[in-house]
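Have a look at the model first, then read on.

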Amino acid sequence: MFPLISTTYDAEKRIWFGPKRKDLYSENATLGEVICNQLRKQPNRIIQIHDQTGEAMTCGELYRNAQILTRQLVKLNLNAGDIVGLYAANSTHVVTVMLASFLCGCPVNPVYAEFDKESVSALYSVTRPKILFCDVENYENTRRVNEELNLNCKIFVLNGHLEGVANVKELLEWNEELDENFSYPCFDLNGDDTALIVFSSGTTGPAKGVLCSHLAFLNQENAPNLTTDSVLFGFSPMYWISGVWALTTSLMNSCCRIITEKSFTTAYFLDLVEKHKITHVIMNASHLAEVALLEDVTKAQEKMKSIVAFWAGGSVMPTIVHERMERMIPNARERPGFMAAYGMSELAGLVSMNGTIPKQRCASSVGQLVSNRIVRIIDDKGMPLGPNELGQICIQLNQYSWKGYFKNEVATKRALVDNWLHTGDMGHFDSQGFLHFCSRGNDVFKSRNFQIYPQILEGLIAKVPGVFDVCVVGVPNILATNLTAAAVVRTADEEGQRLTAKDIDDHVKANIAEMYNLHGGVYFFEALPKTATGKMLRKTIMDMVVKRSKEENAVN
């Protein structure tokens with residue numbers, strides 16, 4: 001009925017607008033209330049299936065479990081505003097903990113299940129949760145963090161049994177009648193209160209705890225063509241916004257979500273899609289590249305034939321990956337198919353998306369603006385820029401009140417200026433209203449007095465046959481400030497074996513201005529280090545390039 005995405009431009013104010021749409025939920029709505037109201041409507045519908053164990057949970061079962069766990073948390077003296085720590089993968093009762101926390105008015109602070117003790121300690125020393133839910137595999141880390149930080153938390157394991165350790169299933173044992181007059185703590189909250197504290201990736205500095213409100217999730221765009229019969233899947237756990245978005249979208253639409261605690265491989269992903277007839281997929285750019293570069297395209301198309309919508313984000317996506325995925329998703333021209341998305345933890349969702357219909361797609365961009373987004377591009381003096389002018393992407397927070405970063409007033413004031421969120425991301429709009437993401441501000445480096453935007457060059461190099469992955473970095477140099485260098489991973493086929501540094505160097509010289517030439521060299525590696533969401537660890541990669549350069553110079 002209404003467009004999900006489009007962009008209009010006010011030339012006088014130099015501001016871009018997404019399509020206008022009324023908010024679906026009032027300022028008093030909270031996630032727990034909305035989700036429970038939805039679950040009650042279809043108690044027998046399956047809302048979640050655990051692929052490894054085969055456990056299936058209906059809406060009615062989840063609703064009852066959440067009611068019970070909420071009462072148990074209140075008995076454990078958890079009050080609205082207290083923080084729930086979640087150090088776990090996507091096991092069966094993560095959804096129960098999330099929903100009960102929403103009902104209790106307690107913000108959830110998830111951390112990655114594979115983080116070491118030191119990483120978890122650094123994050124929980126900031127938020128200091130009042131209760132901790134963890135996996136069997138990381139219980140010992142949880143116990144030590146709890147002890148060393150003097151949190152004095154009760155600890156419950158989620159995905160198995162440990163002798164002498166409390167288990168979430170014990171909390172769900174309830175033989176009494178559920179008092180319908182029970183007053184859920186969330187009744188006293190409103191939509192601007194915090195539902196989630198999610199830490200930024202920390203690739204551009206210390207991780208910051210982003211405060212995400214209930215309304216930020218409730219009034220997001222729904223996935224295209226999502227219905228109660230849809231089957232939703234993503235590998236992301238609750239540590240990432242994409243994981244929380246998949247969970248809340250499933251619950252608010254009563255559609256089934258597939259979960260797994262296994263790590264991503266292309267073979268496992270394709271088998272999952274085929275087995276569960278998955279219709280909607282969300283994936284990070286790193287995993288996506290592996291799917292896009294599969295050699296047997298016909299086999300991948302056959303296994304993914306159930307997919308209606310497949311969207312990806314988290315980092316810059318080379319044009320070649322985008323183009324290959326558009327060809328790989330069957331019937332992509334008749335339905336949403338593949339979509340690249342640009343979002344932020346601070347928004348708890350999307351800024352732009354590459355088309356729900358073919359004419360709204362531009363493979364080199366991150367799409368047009370989603371509903372109610374207002375964006376401008378500014379230069380380094382804060383002045384607004386027009387179409388095809390590169391600058392910092394700023395987003396007006398017009399839909400809801402953002403409370404900033406948890407206990408970090410300095411970072412909040414730096415990011416939020418006159419109700420405009422300064423993202424630190426560099427990009428531009430073209431004349432058709434498509435947003436082009438170029439780089440993180442901190443990724444940009446100077447070479448011979450020119451600003452070098454790595455992702456522009458990475459997209460170009462990724463088109464060279466035999467290139468599987470690439471990261472462009474600046475190697476410190478006295479005369480040039482930095483020399484532009486490329487760290488490259490070859491594909492495993494014959495093209496990769498034949499690929500030389502000269503092939504890449506010649507391709508760059510032939511297709512982009514001289515300022516971008518690879519004066520720092522091309523270096524081949526078996527793999528490039530990344531965050532778990534696929535973002536390049538550029539400082540680490542720069543160190544690898546510098547070391548390899550010194551080794552090669554010593555030999556020569």
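1. Domains. The protein splits into domain 1 (32-49 + 59-219), domain 2 (285-442) and domain 3 (448-555), with bounds that come from an automatic or database domain assignment. Between the C-alpha centres of domain 1 and domain 3 there are 42 Å.

2. Ground rules. This is a predicted model, in which local features need pLDDT of at least 70, side-chain atom pairs count only at pLDDT 80 or more, and totals for chains, interfaces and linings use all residues. Residues are numbered from 1 along each chain as its sequence is written, and side-chain values use heavy atoms, with hydrogens and water left out.

3. Strand β12. Start with residues 256-259, which form β12; strands here are DSSP runs (E, at least two residues) and helices are DSSP runs too (H or I, at least four), numbered from the N terminus. C256 and I258 point to one side of the strand, R257 and I259 to the other, and all are buried (under 20% relative accessible area, with exposed meaning over 50% and partly exposed in between, for a 1.4 Å probe and protein chains only).

4. Neighbours of β12. Which strands pair with β12? Strand β3 (residues 46-50) runs parallel to β12 and is joined to it by 3 bridges, and Q48 has R257 as its bridge partner there. Strand β11 (residues 231-234) is also parallel to β12, again with 3 bridges, and here F233 is partnered with I258. Pairing requires that DSSP finds at least two bridges between the strands.

5. The crossover. Follow the chain from β11 through helix α8 (residues 241-253) to β12 and you have a right-handed β-α-β unit. Right-handed means that, with the strands pointing away from the viewer, the path from the first strand over the helix to the second runs clockwise.

6. Two crossing helices. Helix α10 (residues 285-292) and helix α12 (residues 319-328) have axes that come within 9 Å and cross at roughly 60°. So α10 is oblique to α12, given that under 35 degrees is roughly parallel, over 145 roughly antiparallel, 65 to 115 roughly perpendicular and the rest oblique. Axes are lines fitted to C-alpha atoms, for helices over the stretch in contact, and angles run from 0 to 180 degrees between N-to-C directions.

7. Most residues other than glycine have a negative phi. K407, not a glycine, has a positive phi of about 50°; K407 sits in the loop between β19 (391-396) and α13 (409-415) and is exposed at 69% relative accessibility. N419 also has a positive phi, near 65°. N419 lies in the loop between β20 (416-417) and β21 (420-429) and is partly exposed, at 39%.
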